[in-house]
Amino acid sequence: MRVRPDGPDAHLRLFDMQDQGFDSDFLVIGGGIAGLMFALKAADTGTVTVLTKAGTADANTWYAQGGIASVWRVDDTFESHVDDTLRAGAGLCNRAAVETIVRDGPEAVRELIRLGTRFTRIPEGGEDEYDLGREGGHSHRRVLHAQDLTGREIMRALGEAVAAHRNIRLLDEHLAINLLVEKSGGQPLRCWGAYVLDRRNQAIRKFLARATMLATGGAGKVYLYTTNPDIASGDGIAMAYRAGVPIGNMEFIQFHPTCLYHPLAKSFLISEALRGEGAILKLPDGTPFMKRYHLDAELAPRDVVARAIDSEMKRHGLDFVHLDLSHRSEDFIRRRFPNIFNQCLNFGIDITREPIPVVPAAHYMCGGAVTDLNARTAVGRLYAAGEVAMTGLHGANRLASNSLLEAAVMGRRGFVAAHREMTEDRDRRPPEFPEWDPGRAIKSEEHVLVTQSWDETRRLMWNYVGIVRSDRRLERAMRRLALLKEEIHSYYWEHLLNSDLIELRNLVTVAELIVRSAQSRKESRGLHYNIDHPAPDDAHWLQDTIIEG
Ligand SMILES: Cc1cc2nc3c(=O)[nH]c(=O)nc-3n(C[C@H](O)[C@H](O)[C@H](O)COP(=O)(O)OP(=O)(O)OC[C@H]3O[C@@H](n4cnc5c(N)ncnc54)[C@H](O)[C@@H]3O)c2cc1C
């Protein structure tokens, strides 16, 4: 059944769909690594529609720098990668998920290579010899990378493979609004696609499919400062929740300690390697502070550094702190950090002479739509993979470079499950879903109402539900979110939909899920730190936080 891109059997379909009204066999919502890995497998057996709400480069995958973790060299073992992952996860990883994903890793990486990804090789090395990076928490060198632009290279290769496959239709600027869910007695049974807004002409239509893969990435935009691109508004989480899928472990948000603070700089990461080379964190008056927080000072673990910066900012009412490498020679800095040097210079900061203003920023969401080890959600024919999903790999904290690994592995596993289920249940038909009805909605004339709610949500999440939390801050956040939710809800139904409004509604839903999860966990563990419950409580909290959809 393999479809060759140039073969006579291009556009082969899994089933004869002529009179059944399906747009394609598979609908993939999201064109990052998880969605495209699924799509490329699925397209060998049926037709695939991939939706992205912006363009190819607007995906977290595009921005990944460090690389993808996988056991690669003979001196490394699956057991070691599993142990490292379990240690980082602070007691909440699902061992079966960790073992499965780690063991599937090398095959997923080989597939990326087969599809054209050019990871950085060892100079003069053999065919299989790649330059493996070692990152925090890993006991071996096992991070394959393409210089410091790994995500971009993966997206280039996957993008070209997708473009060459005639069974895949990739639609940019198509934003999924809600899933089409068949129900019985109010209970969700199966998913048959989604309602989708074409942003270019504002038209909304149904995309009917036999199986739907949610691969919409993370939700960094729920915070004022984030390393994520604009697409990361948590749409997939909100859609899955509305469809009845349980959502898990949303309190575990990873913050990167140092993101450039500048009004015009969006999401620019200042790599940890700067601290590795001696950069010092200081208050604006020049006082270093990290020694007060950890013996290793600037080289303390990521979450400790993020909490220290946050604490100093809150104590002194600062918008940022400084990261200073100017004591190193100009020649060294230019050679070692050419990209950071140039980017900062573009914003008028010469890092060879002056410190860099930095803030911590929301970076990665460990929780998400709960799936099993085949990417299946609680709703039939609805799968989820990548940052939107919670498989149990990360537990309470993500080990560096395990996220690309999880997305690549689960995209592939999701296809196997979807294909099997569609084939076993091949005669099933969807119920009649109505066309999108705007009712009496009118065009929105007051955009400020949307932008104000965006800003309010992101700022309150940053201040009350950020790196350090307290019972009182969480309670306040919940009260304000309830009000925002009510306002947004009525605005949503009274006005014609546009992407800002759809994203805002999703953003507030995700914010609420994070706060509810954080409120329910009365302890501190992994990435969740609450000053009113500063210690882990294994007796009561060695379990996931699950919110029913
Ligand atoms: C700066 C940065 C550096 C990172 N570095 C690393 C690293 O070195 N190693 C590592 O393992 N991880 C890293 N990560 C994390 C990793 O990149 C992501 O977790 C991973 O790429 C997520 O892939 P994904 O396919 O799930 O989602 P994404 O790549 O984010 O793709 C999401 C897709 O969904 C689409 N979408 C979203 N909502 C909708 C909607 N409503 N309708 C239609 N389409 C929608 C988007 O348009 C996009 O195409 C980094 C992240 C960032 C931000």
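In this predicted model, Q202 lies in the loop that joins β8 (187–198) to β9 (203–214). The phi angle of Q202 is near 65 degrees, a positive value in a residue other than glycine. Q202 counts as partly exposed, because its relative accessibility is 42%. A positive phi value also occurs at R381, where the angle is near 60 degrees. R381, again not a glycine, sits in the loop between β15 (368–370) and β16 (382–384). Its relative accessible area is 5%, so R381 is buried.

The side chains of K206 and E435 meet in a salt bridge, with an N to O distance of 3.3 Å. K206 belongs to strand β9, whereas E435 belongs to the loop between α11 (402–424) and α12; the two are 229 residues apart. K206 counts as buried, because its relative accessibility of 14% is under the 20% limit. E435 is exposed, because its relative accessible area of 52% is over the 50% limit.

The structure holds 43 salt bridges. R87 forms a salt bridge with D84, and the closest N and O atoms are 3.4 Å apart. Both residues lie in helix α3 (residues 78–88). They are 3 residues apart, about one turn of the helix. R87 is exposed, with a relative accessible area of 57%. D84, in contrast, counts as buried at 2% relative accessibility.

Helix α13 holds another such pair. R479 forms a salt bridge with E475, the closest N and O atoms being 3.6 Å apart. About one helical turn separates R479 and E475, because they are 4 residues apart in helix α13. R479 counts as exposed at 52% relative accessibility. E475 counts as partly exposed, at 43%.

Salt bridges also join into a network. Its members are K41, E107, E111, R114 and R412.

Helix α13 contributes to a surface feature as well. D455, E456, E486 and E487 form a negative surface patch. Two helices, α12 (447–464) and α13 (471–494), each supply at least two residues of the patch. E456 is partly exposed, with a relative accessible area of 35%. This value meets the requirement for patch residues, because that requirement is a relative accessible area over 30% and E456 has 35%.

A polar contact involves a buried histidine. H145 is found in the loop between β5 (143–144) and α5 (150–164). The side chain of H145 makes a polar contact with the side chain of D131, at 2.9 Å. H145 counts as buried, because its relative accessibility is 12%.

Conventions. Residues are numbered from 1 along each chain as its sequence is written. This is a predicted model: local features need pLDDT of at least 70, side-chain atom pairs count only at pLDDT 80 or more; totals for chains, interfaces and linings use all residues. Side-chain values use heavy atoms; hydrogens and water are left out. Patches are made of residues with over 30% relative accessible area and no salt bridge: like charges are joined within 9 Å, nonpolar side chains (Val, Leu, Ile, Met, Phe, Trp, Tyr) within 5 Å. Accessible areas come from the Shrake-Rupley method with a 1.4 Å probe; for residues, only the protein chains shown count as cover. A salt bridge is a side-chain nitrogen of Lys or Arg within 4 Å of a carboxyl oxygen of Asp or Glu. Lys and Arg count as positive and Asp and Glu as negative; His and the chain ends are not counted. The place of a charge is taken as NZ of Lys, CZ of Arg, CG of Asp or CD of Glu. Buried means under 20% relative accessible area, exposed over 50%, partly exposed in between (1.4 Å probe, protein chains only). A polar contact is a pair of N or O atoms within 3.5 Å; within protein, one must be able to donate a hydrogen and the other to accept it, and residues adjacent in sequence count only if both atoms are side-chain atoms.
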